[in-house]
Each structure stands twice: as structure tokens, then as C-alpha cells.
Amino acid sequence: MKYPKTILDLIECYKKFPGIGSKTAERMALNTLNFEQNTIDLFCESLKNTRTKIRRCEICNNLSEDTLCEICKNTDRNKKILCVVEDPKNVILIENLGIFDGYYYVLSGLISPIDGINPEDINIDSLIEHIKSNNIEEVILALKPSIEGETTSLYICKLLENVSVSVSKLASGIPMGAEMDYVDSLTLEMALQNRTNIN
Ligand SMILES: [Zn+2]
């Protein structure tokens, strides 16, 4: 016998999350049956809102519910310094350190020719335009220490060759190939403070 269709559908939904296999999805679906009505409502509402309310900040490409994200709305930050990250998750990581007061620019991933991801796919042109038109003085490339991260850093650095801006990247200390969110906050803080100039 099979589970009723509603439960099978829910299992299929949970399986869409990366790293969630059939067994875990099944357990999650059965667990969902125990949720109170208000939790179910919150689930449904939040899921729908990800489509209808979440958008990209018009300045930095960060996740936002308004035209501008909370960081870009804050005019008290240092306008001269821009931290470039590969996704919105890393904005949160760096913000949580509480030591950076510049603005961010969120790329749409990293260059990875093997996966068919080229510079034009990750907003690099608009990043360069943003740096030029806002008279940014320092760019920190806070990208993952991997082949993709290095390739992206080098590419950006090359495009900024004739632009009067200092470019630095996070200091080593972050192991090669590490995912940024598994790096402990002290290592990330050290890497940000001891960043190395690359132009
Ligand atoms: Zn923003």
C-alpha cells in the first residue's frame, strides 16, 4: 500500500531540498501531520511570500522585501568601501561579525566554465559599473577560496585594472575549498581584517 496522495506530494516537495533523500523526506512529511494549524498557516504563508514578497535590492542585489535592502537603506555606512560576495548568505555571515561598515555587492554565484557559468551570468558588468559610478575607493573580494572563487577574483581584478580603486581579498586562513558558512566566525573575522591587496 502507498501513502495517500497528499502525503506523497508532500514527500516529493521535501525531496526538492538539497541533501534531503526519500527517507528524510518521508519522516518530515509524517512529522508535518503533527503540526498545529497556525504552524501550517505560517508554512504556507512563508512559502508563498518567498515568491510574492522577496526581491533583489536594486542597488546591491541582496535579498529584500523592498526596492532597497536594509543595508543600502542605511545611509550611515561607509560609502567608499564595497564588499563583494557570491550570495546573500555571505552578507549575513559578514554582517554578524559586526566589524564591517561598508556596503555590499552580491554576485549571482561564481565563474565556473565547467558548469557553464560565465562572467555575464553573475552580474560582473553591473558590479564594475556600480564601482565606477559610486566612486568606490576599496573593493574587498570576499569570495570562497576555491578555483571558482579565485577565477572570479582574478577576472574582477582584471576589469578594474584601469579603475582607480584598491582591491583586496580575504587573507588566507580560510582553507582552500571551504564553504564560507562552515568557516568559524573568528577565522572569517581574521581573514577580513588581514585581507591582502591584489592590485
Ligand atoms: Zn542593497
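Which residues line the largest pocket? In this predicted model, the lining is made up of Leu10, Cys13, Tyr14, Lys16, Phe17, Thr32, Phe35, Ile40, Phe43, Cys44 and Leu47.

That pocket has a volume of about 290 Å³. Sort its lining by class and you get 9 nonpolar, 1 polar and 1 charged residues. Two helices, helix 1 (5–14) and helix 3 (37–52), each put at least two residues into the lining. Helix 3 supplies the largest share, with 4 residues.

Now for the metal. A zinc ion is held by four cysteines, Cys57, Cys60, Cys69 and Cys72, each through its SG atom and lying 2.3 Å from the ion. Along the sequence, these donor residues follow the spacing C-x2-C-x8-C-x2-C. Cys57 and Cys69 link distant parts of the chain, being 12 residues apart. Cys57 sits in the loop between strand 1 (55–56) and strand 2 (63–64), while Cys69 belongs to the loop between strand 2 and helix 4 (70–73).

And the geometry? The zinc site is tetrahedral, with angles of 105 to 116° among its 4 donor atoms. For comparison, the ideal angle for four tetrahedral donors is 109.5 degrees.

Are Cys57 and Cys69 buried or exposed? Buried means under 20% relative accessible area, and here are the values:

| Residue | Relative accessible area |
|---|---|
| Cys57 | 3% |
| Cys69 | 1% |

So Cys57 counts as buried, because its 3% falls under 20%, and Cys69 is buried too, with its 1%.

Technical notes:
Residues are numbered from 1 along each chain as its sequence is written. This is a predicted model: local features need pLDDT of at least 70, side-chain atom pairs count only at pLDDT 80 or more; totals for chains, interfaces and linings use all residues. Side-chain values use heavy atoms; hydrogens and water are left out. Donors are N, O and S atoms within 2.8 Å of the metal (3.2 Å for Na, K and Ca); water is not among the atoms, so sites may look incomplete. Four donors count as tetrahedral if all angles lie between 85 and 135 degrees; four count as square planar and six as octahedral if opposite donors are over 155 degrees apart and all others between 65 and 115; anything else is irregular. Buried means under 20% relative accessible area, exposed over 50%, partly exposed in between (1.4 Å probe, protein chains only). On a 1 Å grid over the protein atoms alone, a cavity is a set of points where a 1.4 Å probe fits but cannot get out, and a pocket is an open set with protein on both sides within 12 Å along at least five of seven lines; lining residues have an atom within 4 Å of a point. Grid points are joined across faces, edges and corners, and a volume is the space filled by probe spheres set on the points. Ala, Val, Leu, Ile, Met, Phe, Trp, Tyr, Cys and Pro count as nonpolar, Asp, Glu, Lys and Arg as charged, and the others, Gly among them, as polar.
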